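This report looks at a sheet, the helices beside it and some charged pairs. Please view the structure first.

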Amino acid sequence: PTALVLTRQGVEVVTDGGAVERGGGVVVETDGAPDVILLATGSEVAVCVAAAERLASDGVAARVVSLPSWYRFAAQSDSYRSDVLPPDVPVVSVEAASTFGWSAFADRSIGIDRFGVSAPGAEALRRLGIDPDNVVAVATELVTGRATGHHPGRS
């Protein structure tokens with residue numbers, strides 16, 4: 001099979017750590033246990049990598065996970081899935097499209113559930129909150145606000 005994935009925007013290339021083969025995988029790991037997981041696919045993975053760097057400078061350990069295929073990820077063993085997305089760690093998903101379906105994996109989702117905006121790529125993403133600043137804000141809120149460890153939509 002061959003896939004051509006094209007964009008008009010300049011995007012940072014991030015290696016996926018085997019995520020495509022298994023449907024999801026860790027792209028950036030923390031030194032110890034993660035405080036939060038930033039979950040994305042495609043060009044949004046680079047947004048999460050930048051947000052994780054900023055969070056680290058604030059003392060928040062953020063793991064970045066690429067999840068290009070929900071179906072392949074679901075076919076992995078329970079232990080693999082819980083190693084990648086531990087059930088006791090809050091998750092923020094980032095998708096430059098609909099947030100529909102991300103609740104199966106994430107506690108909070110950043111995305112758009114309406115028509116987008118017309119602007120150059122980086123400006124459009126910033127206006128829609130799909131940028132490192134907003135990811136840091138949402139992740140920080142989630143980490144500091146978690147009290148019960150309950151994650152709706154995840155087992």
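A residue counts as exposed when its relative accessible area is over 50%, as buried when that area is under 20%, and as partly exposed in between. The model described here is predicted.

Asp78 has a relative accessibility of 58%, so Asp78 is exposed. The side chain of Asp78 forms a salt bridge with that of Arg81, at 2.5 Å from N to O. Arg81 is partly exposed, at 25%. Both residues belong to helix 4 (residues 78-84), where a spacing of 3 residues puts them about one helical turn apart.

## The sheet and its helices

Five strands form an open sheet with mixed pairing, in the order 1-3-2-4-5. Strand 1 (25-28) and strand 5 (108-110) are the edges, each pairing on one side only. On average, neighbouring strands are turned by 30 degrees against each other, direction ignored.

Strand 2 (residues 36-40) runs parallel to strand 4 (residues 91-94), and 4 bridges join this pair. Here Ala40 stands opposite Val94. Helix 2 (residues 44-57) packs on the sheet and touches strands 1, 2, 3 and 4. Helix 6 (residues 132-145) lies across strands 2, 4 and 5, at about 175 degrees to strand 5.

The structure has 4 salt bridges. One of them joins Arg63 and Glu29 at 3.0 Å, N to O. Arg63 is in strand 3 and Glu29 in the loop between strand 1 and strand 2, 34 residues apart. Arg63 is buried at 8%, whereas Glu29 is partly exposed at 43%.

Another salt bridge joins Arg108 and Glu141 at 2.5 Å, N to O. This pair links strand 5 to helix 6 across 33 residues.

Key:
Residues numbered from 1 in each chain as written. Predicted model: local features only at pLDDT ≥ 70, side-chain atom pairs only at ≥ 80, totals over all residues. Heavy atoms only, no water. Pairing = 2+ DSSP bridges. Helix = DSSP H or I, 4+ residues; strand = E, 2+ residues; numbered from the N terminus. Axes fitted to C-alpha atoms, helices over the stretch in contact; angles between N-to-C directions. Contact = heavy atoms within 4.5 Å. Buried < 20%, exposed > 50% of the residue type's maximum accessible area, 1.4 Å probe, protein only.
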